[in-house]
Amino acid sequence: MKKIYLLFALCVFSIVLKAQQPAAHVVKDLKITILSTMLAQEGTGDWGFSALIESDSSKILFDSGGTRHVVLDNAKDLGIDLSKVPIIAFSHGHDDHTSGWLPLRQEMSAINPSAMSLTYVAPGFFDGRITPKGPMFSNRKDSAAYVQSGGKIVELKTWKEIAPGVFLTGNDVPRIYPEKNYPPTLKRVYKNGTIVPDTVPEDMSMVIRTTKGLIPLTGCGHSGTVNLLTAVQKHFQDQPIYAAIGGFHLLASSDEQIKWTAEALKKAGVRYFMGAHCTGIEPVYQIRTWADLKRGECIVGSTGATFDLQNGFVAGMLTMGKGPNAYFKK
Ligand SMILES: [Zn+2]
Ligand SMILES: [Zn+2]
């Protein structure tokens, strides 16, 4: 009898606990705007990546472009006010994603002190890098100036909901499959001077939980596309993935790997795919074929292109061709 009472009390306790938990936020209103990638019908094309996420009442910048002023200039060309964006999240520390960080903070905080005042990165972001061509680069100098300006930097080791329904993965995307979607020639320099191949352990993606399904956004996708899909499905217990957007670093991948990636996207339920930056152009069309997507559902990313839950992709004719969601603007 005692056991039954205990069981009953436990049941009541768990029901009360569940009722007290706030309901998981599901984003109803979402707009993702590409602010920098190599292809541009509006603004300037530049090697690197940046996107603005407007999600219900939150505004977050994801990556900051490959040259110092490209995101500022493109936002001006697109009529986007970045002074109302308080958060910036970095996919990783490579300079084609981080170069605009300090200029963005400096210019926008002059208008609004809280603009770009909170930065999220994953551990390893500040390690120096050596490319075969140039001297070592590091985000440490910019980070000191950023903190001096009143900015706060948060390092995420694991998943965190940074705004209602908007998550960052931290560097918690296990590399179960050996995709190796990163350049083999880069080297990483630890603080103590040790030099190792750069596998980009700090790679971090964003995932938005929407009324239509989950939407992962990647900068360079160095953890691997299928590894990311797997981690997202594990974290959200197999909810469908509606769209995948960003740089997926498939530009040098074999046909077999791209086909395998496309099949995984299809299996995850992906209805919209935008391959920007290091995805490469040819792999996007291969994915369109192998993931059974149509023209307009699977496009090459370009500056000014947008994604929203009502219209899907809206982009220039350069990448959309003719169609209701294509526009021509010079
Ligand atoms: Zn990179
Ligand atoms: Zn990149």
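In which sense do β14 and β15 pair, and over how many bridges? The two strands run in the parallel sense, with five bridges between them. Keep in mind as you look around that this is a predicted model.

Five of its five residues are buried, so the strand is largely enclosed by the rest of the structure. In a regular strand the side chains alternate between the two faces of the sheet. Here, Tyr272, Met274 and Ala276 point one way, while Phe273 and Gly275 point the other way, and all of them are buried.

Now step back to the stretch between β14 and α7. Histidine 249 sits in that loop, and its phi is near 45 degrees, a positive value in a residue other than glycine. Most residues other than glycine have a negative phi, which makes this one worth a look. Histidine 249 counts as buried, because it has 28 C-beta neighbours inside 10 Å and the cut-off is 20 or more.

Next comes helix α7 itself, covering residues 255–267. Its 13 residues reach 18 Å from the first C-alpha to the last, close to the 18 Å expected at 1.5 Å a residue. Which of its residues are buried? They are Ile258, Thr261, Ala262 and Leu265. Seen down the axis of α7, these buried residues fall within an arc of 100 degrees, so they line one face of the helix. The buried residues of α7 pack against α6, β14, β15 and α8, which brings us back to our opening pair of strands. Just after the helix, glycine 269 takes a positive phi of about 95 degrees.

Let's move to another helix, α2, at residues 70–78. Its buried residues are Val70, Val71, Asn74 and Ala75. Looking down the axis of α2, you'd find them within an arc of 125 degrees, so they too line one face of their helix. They pack against β1, β2 and α4. A glycine follows this helix as well: glycine 79, with a positive phi near 70 degrees.

Aspartate 63 is buried, with 32 other C-beta atoms within 10 Å.

For residues 49–107, UniProt lists "domain: Metallo-beta-lactamase" in an unreviewed entry. That span is 34% helix and 24% strand, and its end C-alpha atoms lie 19 Å apart.

Finally, look at the inside. The largest nonpolar core has 81 residues, and those with the most contacts inside it are Ile53, Ala89, Met206, Val270, Phe273 and Phe313. Helix α6 gives the most to this core, with five residues. Phenylalanine 313 touches Tyr272 and Met274, among others, not counting residues up to four places away in sequence.

Conventions:
Residues are numbered from 1 along each chain as its sequence is written. Chains are lettered from A and ligands numbered from 1 in the order in which they are written. This is a predicted model: local features need pLDDT of at least 70, side-chain atom pairs count only at pLDDT 80 or more; totals for chains, interfaces and linings use all residues. Helices (H or I, at least four residues) and strands (E, at least two) are DSSP runs, numbered from the N terminus. The expected span of a helix is 1.5 Å times one less than its number of residues. A residue is buried if 20 or more other C-beta atoms lie within 10 Å of its own, exposed if 12 or fewer, and partly exposed in between; C-beta atoms are placed from the backbone. The arc is that of the directions from the helix axis to the C-beta atoms. Two residues are in contact if their C-beta atoms, placed from the backbone, lie within 7 Å. A nonpolar core is a set of buried Ala, Val, Leu, Ile, Met, Phe, Trp, Tyr and Cys residues joined through C-beta atoms within 7 Å. UniProt positions are given in the numbering used here, feature names are shortened, and annotations may be inferred rather than shown by experiment. Two strands pair if DSSP finds at least two bridges between them.
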